[in-house]
Amino acid sequence: MTQDERYMKEAIRLSAQAVSHGNEPFGAVLVKDGEIVFTNENQIYTCSDPTYHAEAGLLRNFCAAERITDLTDYTLYSSCEPCFMCCGSMVWTKLGRLVFGASDIDLCNILGEQGSDCCDVVFSRSAHRPQVTGGVLRDESLAILTGYFAKNSKG
């Protein structure tokens with residue numbers, strides 16, 4: 001198992017945990033120097049906050065707790081490709097690297113919507129561009145997304 005797969009397994013585990021807590025199936029893990037430094041799961045329903053996505057919440061809470069705003073030396077693992085809002089948060093925090101499982105196009109195919117490459121769209125138009133690796137443990141992420149959205153609507 002690669003290092004990316006190991007951390008992605010944790011992000012996917014958090015996505016399943018989010019569902020058990022009454023939220024949508026998205027999880028995120030922040031890593032620096034080979035160590036997990038922060039984790040978060042989607043909390044839009046339990047916090048009554050539609051912006052409390054796994055990634056944006058992780059970045060907001062970690063930066064506040066550590067009193068930093070520059071995450072150049074960090075990698076964020078997300079169970080699914082982040083949305084435009086979360087990608088914008090990654091630009092503003094100068095995230096060094098993003099690794100995700102399922103793509104936005106994968107998610108939108110499940111939802112019967114038209115997807116896009118959110119990360120490419122946002123990062124290609126920004127001064128800061130994190131390094132991006134997609135598709136890590138994609139099938140495992142898709143299984144949780146498919147199971148959840150077969151019974152629930154988005155948002």
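**Sheet order and helix packing in the predicted model**

Helix α3 is followed by Lys94, whose phi is positive, near 55 degrees. Helices (H or I, at least four residues) and strands (E, at least two) are taken as DSSP runs and numbered from the N terminus. The structure is a predicted model, in which local features need pLDDT of at least 70 and side-chain atom pairs count only at pLDDT 80 or more, whereas totals for chains, interfaces and linings use all residues. Residues are numbered from 1 along each chain as its sequence is written, and side-chain values use heavy atoms, with hydrogens and water left out.

An open sheet is formed by five strands in the order β2-β1-β3-β4-β5, with mixed pairing; two strands pair if DSSP finds at least two bridges between them. Axes are lines fitted to C-alpha atoms, for helices over the stretch in contact, and angles run from 0 to 180 degrees between N-to-C directions.

The pairing of β1 and β2 is antiparallel and spans six bridges, with Val31 opposite Ile36 in β2. These two strands form a hairpin with two residues between them, and Asp33 in the turn has a positive phi of about 50 degrees.

Strand β3 (residues 75-80) runs parallel to β4, to which it is joined by five bridges. Thr75 stands opposite Arg97 in β4, and Cys80 is opposite Ala102 in β4. From β3 the chain crosses through helix α3 (residues 84-92) to β4 in a right-handed β-α-β crossover, meaning that, with the strands pointing away from the viewer, the path from the first strand over the helix to the second runs clockwise. On its other pairing, β4 is joined to the parallel strand β5 (residues 131-133) by three bridges, and Val99 stands opposite Thr133 in β5. Six of the six residues of β4 (residues 97-102) are buried, so this strand is largely enclosed by the rest of the structure. Buried denotes under 20% relative accessible area, exposed over 50%, and partly exposed in between (1.4 Å probe, protein chains only).

Helix α2 packs on the sheet, where α2 touches β1 (27-32), β2 and β3, and its direction makes about 125 degrees with that of β2. Contact is defined as heavy atoms within 4.5 Å. The axes of α2 (residues 54-66) and α3 come within 8 Å and cross at roughly 30 degrees. The two helices are therefore roughly parallel to each other, a class covering angles under 35 degrees, with over 145 roughly antiparallel, 65 to 115 roughly perpendicular and the rest oblique. The crossing of α2 past α3 is left-handed, that is, the near helix is turned anticlockwise from the far one by less than a right angle. Glu55, Ala56 and Leu59 in α2 meet Met85, Cys86, Ser89 and Met90 in α3. The buried residues of α3 are Cys86, Cys87, Gly88, Met90 and Val91, and their cover includes α2, β3, β4 and α5.

Pro130 lies in the loop between α5 (118-123) and β5. At 7% relative accessibility, Pro130 counts as buried. Not counting residues up to four places away in sequence, Pro130 touches Leu95, Gly96, Arg97 and Phe123.
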